[in-house]
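Please keep the sequence and the model side by side while reading.

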Amino acid sequence: MKRARIVGTGSYVPEAVLTNRDLEQRIETTDEWIVSRTGIRERRIAADHECTSDLAARAARAALDMAGVSAEEIELIVVGTITGDFPWPATACLVQEKIGAKRAFAFDVSAACSGFVYALDAAVKQIQCGAVGKALVIGAEILSRIVDWQDRNTCVLFGDGAGAVVLCAEEGERGVLSTHLHSDGSYWELLYQAGFGARNPATAQGLDARLPFLKMQGNEVFKVAVRMLTEVAQEALAHNGLRTEDVDLFIPHQANRRILEAVAKRLHLSDEQVFINVDFYGNTSGASIPIALDEVNRAGRLKAGDLVLFDAFGGGFTWASALVRW
């Protein structure tokens with residue numbers, strides 16, 4: 001069985017930067033309050049003319065360029081997103097058209113902040129079974145359009161961006177070693193977007209009730225997230241007969257610095273093993289892991305044979321991990 005190896009990474013974040021100081025002028029909050037509770041100092045906000053497929057396409061092109069792979073060679077595109085251009089068609093189809101990947105079949109995965117790892121799993125399985133040889137996996141979000149800018153507890157957390165990887169089927173030990181996916185729908189009311197869907201279709205009353213905007217019970221999410229992120233990371237290591245000290249780089253979903261530090265402590269990871277960039281981008285949901293991966297890759301922090309652990313948690317609840325031999 002061939003492995004799916006990451007041969008290129010790419011990312012794109014919008015130019016506009018929204019700092020905590022900027023937010024102080026818009027809502028009742030302070031830079032100190034935001035940083036002390038989340039670690040976030042700024043986030044990127046998409047321009048009015050930008051949509052999720054635009055961000056995704058730019059990240060995809062960067063990953064293809066690094067990989068030396070043309071769009072025409074791609075046979076599969078999977079996009080993890082909860083803020084697609086439309087409810088349907090899939091944003092992946094729009095990306096396919098924008099980058100010219102005419103041979104690819106394309107679909108979206110909706111797993112909130114776990115979206116990239118879920119999408120990665122789908123592509124890896126297609127490669128392992130021999131259905132495709134080259135795939136493009138993307139996490140892309142414009143969360144600034146679904147946050148409630150009147151809710152100071154949630155609007156400070158989120159940002160916009162996209163990240164992508166190119167996967168190729170290869171023999172050998174390098175590549176995605178395993179993926180581990182979980183969900184528990186009994187927690188859905190702790191983190192969700194109520195409208196507009198089949199349960200709450202578009203109405204003027206729904207707009208007045210602010211149904212299109214993200215809702216979150218932050219304290220409850222925090223407690224569950226730390227436990228699930230820890231457990232699914234341990235699952236990936238145990239499955240491969242590895243230990244925490246074997247991990248060269250831990251790239252978790254960039255939700256909140258306090259969550260990430262709590263997980264790292266439970267896993268007994270050193271500061272050098274953990275990559276955190278939530279300070280500068282906020283929570284970009286399904287885009288956060290591939291954005292972080294591209295950042296460390298382009299900084300030269302990864303070398304052949306390194307063990308990289310992805311760890312994600314999101315609404316649903318969903319949680320997932322992936323172990324990669326670079």
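Two residues are in contact when heavy atoms of theirs lie within 4.5 Å. The model is predicted, and that cut-off applies wherever residues are said to touch or cover one another.

The secondary structure consists of 10 helices and 13 strands. With a radius of gyration of 19 Å, close to the 20 Å that the globule rule gives for 326 residues, the protein is as compact as a globular protein of that length. Along the principal axes, the C-alpha atoms fill a box of roughly 55 × 45 × 35 Å. Of the contacts between residues at least 6 apart in sequence, 77% join residues at least 24 apart.

The accessible surface comes to about 13800 Å², and carbon and sulfur atoms account for 48% of that area.

Turning to the interior, 56% of the 326 residues count as buried. In soluble globular proteins, nonpolar side chains tend to be buried together. Here the largest nonpolar core has 43 residues, among which F250, F313 and F317 touch the most other members. Two or more residues of this core come from each of α7 (218-239), α8 (257-267), β12 (307-314) and β13 (318-325). Helix α7 gives the largest share, 10 residues. Leaving aside residues up to four places away in sequence, F313 touches C113, S114, V221, V224, A225, M228, L229, H253, T318 and W319. A second, separate core holds 35 residues, including Y118, F310, V324 and W326.

Helix α4 spans residues 91-99, and its buried residues are T91, A92, L94, V95, Q96 and I99. What covers them? The cover for the buried residues of α4 includes α3 (52-67), β4 (76-80), β5 (105-109) and β6 (134-142). After α4 comes G100, with a positive phi near 80°.

Buried here means under 20% relative accessible area. The buried residues of α10 are S288, I289, P290, I291, A292, L293, D294, V296 and N297. Just after α10, G300 has a positive phi of about 75°.

How values were computed:
Residues are numbered from 1 along each chain as its sequence is written. This is a predicted model: local features need pLDDT of at least 70, side-chain atom pairs count only at pLDDT 80 or more; totals for chains, interfaces and linings use all residues. Side-chain values use heavy atoms; hydrogens and water are left out. A nonpolar core is a set of buried Ala, Val, Leu, Ile, Met, Phe, Trp, Tyr and Cys residues joined through side-chain atoms within 4.5 Å. Buried means under 20% relative accessible area, exposed over 50%, partly exposed in between (1.4 Å probe, protein chains only). Helices (H or I, at least four residues) and strands (E, at least two) are DSSP runs, numbered from the N terminus. The radius of gyration is taken over C-alpha atoms; the globule rule is 2.2 Å times the number of residues to the power 0.38. Accessible areas come from the Shrake-Rupley method with a 1.4 Å probe; for residues, only the protein chains shown count as cover.
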